[in-house]
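Trainee: Could we go through this one together? I'd like to start with the packing and then move on to the domains.

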Amino acid sequence: IWYISEWMAMGKPNTFQLVELGPGRGTLTEDILRVFKQLASVLSNCDVSVHLVEVSPKLSEIQAEVLTGGKVQPNPEEELAYMKGISKTGIPISWYRDIQDVPAGYSFYLAHEFFDALPIHKFQRTEKGWREVLVDIDPEVPDQLRFVLSPSRTPATQNFIQPEETRDHVEVCPEAGVIVQRLASRIEKDGGAALVADYGHNGTKTDTFRGFRNHKLHDVLSAPGTADLTADVDFSYLRKMAQGKTATLGPIKQREFLKNMGIDLRLQVLLQNSGDTATREQLLHSYDMLMNPEKMGDCFNFFALLPHHRLVHPDKKDKPESKSPLPPVAGFNELSLK
Ligand SMILES: C[S@@+](CC[C@H](N)C(=O)[O-])C[C@H]1O[C@@H](n2cnc3c(N)ncnc32)[C@H](O)[C@@H]1O
């Protein structure tokens, strides 16, 4: 709904690409395509294509099964897309290993729990200055890893710490910075928008690196390769990395974003339309998971990149009275422009 709202606010261009970074099992794109199908009359004059950026061969197979029912073709080596198919709803889908391989063009980008999965550097402020937290083999315990501080400065301490940094412990994800730079350049040049949804903070948290195995906390240094590793996304860093090429909105807490998007009304409609108790309980449970501040409501955030002209009329200074106001950006209603 957010993408359709932005597409309408931007004058309903006759084509757009939906680009998802790290689609996991393909569930969210499947949901989005279902909504696009339900709103087919709204999108009737628009050519939509889907572009998935995925490095995992196993997950791309699952995505192909979920989205196309297995109707995909590996693509010849000389093409940038490594696989192509048609969604169950009739929309062309292509798979890539890198955002740079996705064709240029008006695009809506989606990154849901993507940036938190990318590798970070960790830094600790000491009396001697910044030191990098590194992983070492523990000489005392066989097959055990340990964290150590670099004895001196490293290239990373010199390049990745902002001069104005006030925290004592910082995590920086340079790969996220590069990807946001690319997103911002693409949106500036070809138009569109990006919506990022992730666990994160606005440049305030310090030590957030964690491991999860079977949904339980897991020591990041034990049994490497068997757990999901994650670090909260530093949205203040992403904003900086957009380098003013686009406007940014957020981060805004998930419970506020979804409230602004009308989740309460949607829940009421779904509850009224569902006859059985099990479905109603499932709906209430899902709502609680998404909205409860103790669950995902507060720690999950939304953040957007939008072309400057989407938020400020280019010639507003010259003729403010001649322009009708720009429509607000759905979900971010209360936020001012950054
Ligand atoms: C934590 S999962 C999130 C999956 C899904 N978006 C969700 O919210 O459930 C991270 C996804 O990003 C993919 N991924 C990780 N690093 C990547 C990279 N550098 N480029 C593209 N995809 C990557 C993973 O294979 C996986 O699909």
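Trainee: Leaving aside neighbours within four places in sequence, which residues is Trp-2 in contact with?

Mentor: Bear in mind that this is a predicted model, with local features needing pLDDT of at least 70, side-chain atom pairs pLDDT 80 or more, and totals for chains, interfaces and linings using all residues. Numbering runs from 1 along each chain as its sequence is written, and side-chain values use heavy atoms, without hydrogens or water. Taking contact as heavy atoms within 4.5 Å, Trp-2 touches Ala-193, Ala-194, Leu-195, Phe-257, Met-261, Ala-304, Leu-306, Val-329, Ala-330 and Phe-332.

Trainee: And how many residues does the largest nonpolar core have?

Mentor: A core here is a set of buried (under 20% relative accessible area, 1.4 Å probe, protein chains only) Ala, Val, Leu, Ile, Met, Phe, Trp, Tyr and Cys residues joined through side-chain atoms within 4.5 Å. Trp-2, Phe-16, Phe-36, Phe-108 and Phe-332 have the most contacts inside the largest one, and its residue count is 42.

Trainee: What area is buried between domain 1 and domain 2?

Mentor: An automatic or database assignment sets the bounds: domain 1 is 2-119 + 172-322, domain 2 is 121-171. Buried area is the accessible area (1.4 Å probe) lost on putting two parts together, summed over both. Carbon and sulfur atoms give 57% of the total, which is about 1400 Å².

Trainee: How many salt bridges cross that interface of domain 1 and domain 2?

Mentor: The rule wants a side-chain nitrogen of Lys or Arg within 4 Å of a carboxyl oxygen of Asp or Glu. Arg-167 and Asp-234 meet that way, at 3.3 Å, N to O. Across the interface of domain 1 and domain 2, the number of salt bridges is 3.

Methods:
Buried < 20%, exposed > 50% of the residue type's maximum accessible area, 1.4 Å probe, protein only.
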